[in-house]
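Hi,

Here is the structure I said I'd pass on.

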Amino acid sequence: MEETVLLRLEGVEICRNENLILQNASLTIHNGEFVYVIGKVGSGKSSLLKSLYCEIPVKQGEAWLMEYNLRKIKKKEIPYLRRKLGIVFQDFQLLTDRSVVKNLEFVLKATGWKKKAEIRERIDVVLQKVGMQNKGYKMPHELSGGEQQRIVIARALLNEPKLILADEPTGNLDPETSGQIVQLLHDICEQGTAVIMTTHNYTLVNNYPGRIVKCENACLNDVAE
């Protein structure tokens, strides 16, 4: 697989409500890389991801995500950037009033898919990838936490993103389920999708090795293996 730079941050500053979260932060990520962003609660891990999907502005420095300049991105371009990302939240954010299939269908229709057969086929593919092919008819409340997170990962894969941003994806899960979810993200990464996963669970980082970047004192630093 040819190496391409997906993300390049240089000398970046991120503020939230006037508080400085990150300063002079630099980070480069290539396609197919699995990167853990570790650090204490409140160190800026989630804010970093939010700046990548344009929920928090980047104040200083250079910030390129794929072909988008995050410093200069226009509001109307943000939905197109987000379509190229898969976002996995800790608290699932599934629509509770509809089945798994209807949750996934909603996202595809919202991002421009129109043909019923293609929608159905894509949903089947992503459910298969996360081992949930027999759960499409279920409502979110009928699923365990681990199963819900698998559906969230399936949702993140719908538009074949080049990069998945996973914000504490195991935060609400027990240790065994957490391991299964991280293994699933590693499997997806091996198929060529880069993953940035924030966590403060060092056991997972040790058990499922990847590149480690630490958020500390408003800085980002690569941790030597």
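**Pockets and a helix**

The lining of the largest pocket is made up of eleven nonpolar, five polar and four charged residues. Keep in mind that this is a predicted model.

That pocket holds about 600 Å³ of space. Its lining has 20 residues, and the ones nearest the centre are Arg82, Ile87, Val107, Thr111 and Arg155. If you want to find your way around it, look at α2 (78-83), β6 (85-88), α3 and α5, each of which supplies at least two lining residues. The largest share comes from α3, with four residues.

Just after α3 ends, have a look at glycine 112, which takes a positive phi of about 100°.

Now for the second largest pocket, with about 230 Å³ of space. There, 17 residues form the lining, and Ser46, Lys50, Gln90, Asp167 and Glu168 sit closest to the centre. Which helix gives the most to this lining? That's α1 (residues 45-52), with four residues. As for the make-up of the lining, you'll find three nonpolar, seven polar and seven charged residues.

Cheers

Key
Residues numbered from 1 in each chain as written. Predicted model: local features only at pLDDT ≥ 70, side-chain atom pairs only at ≥ 80, totals over all residues. Heavy atoms only, no water. 1 Å grid on protein atoms, 1.4 Å probe; cavity = no way out; pocket = protein on both sides within 12 Å on 5 of 7 lines; lining within 4 Å. Points joined across faces, edges and corners; volume = space filled by probe spheres on them. Nonpolar A, V, L, I, M, F, W, Y, C, P; charged D, E, K, R; others polar.
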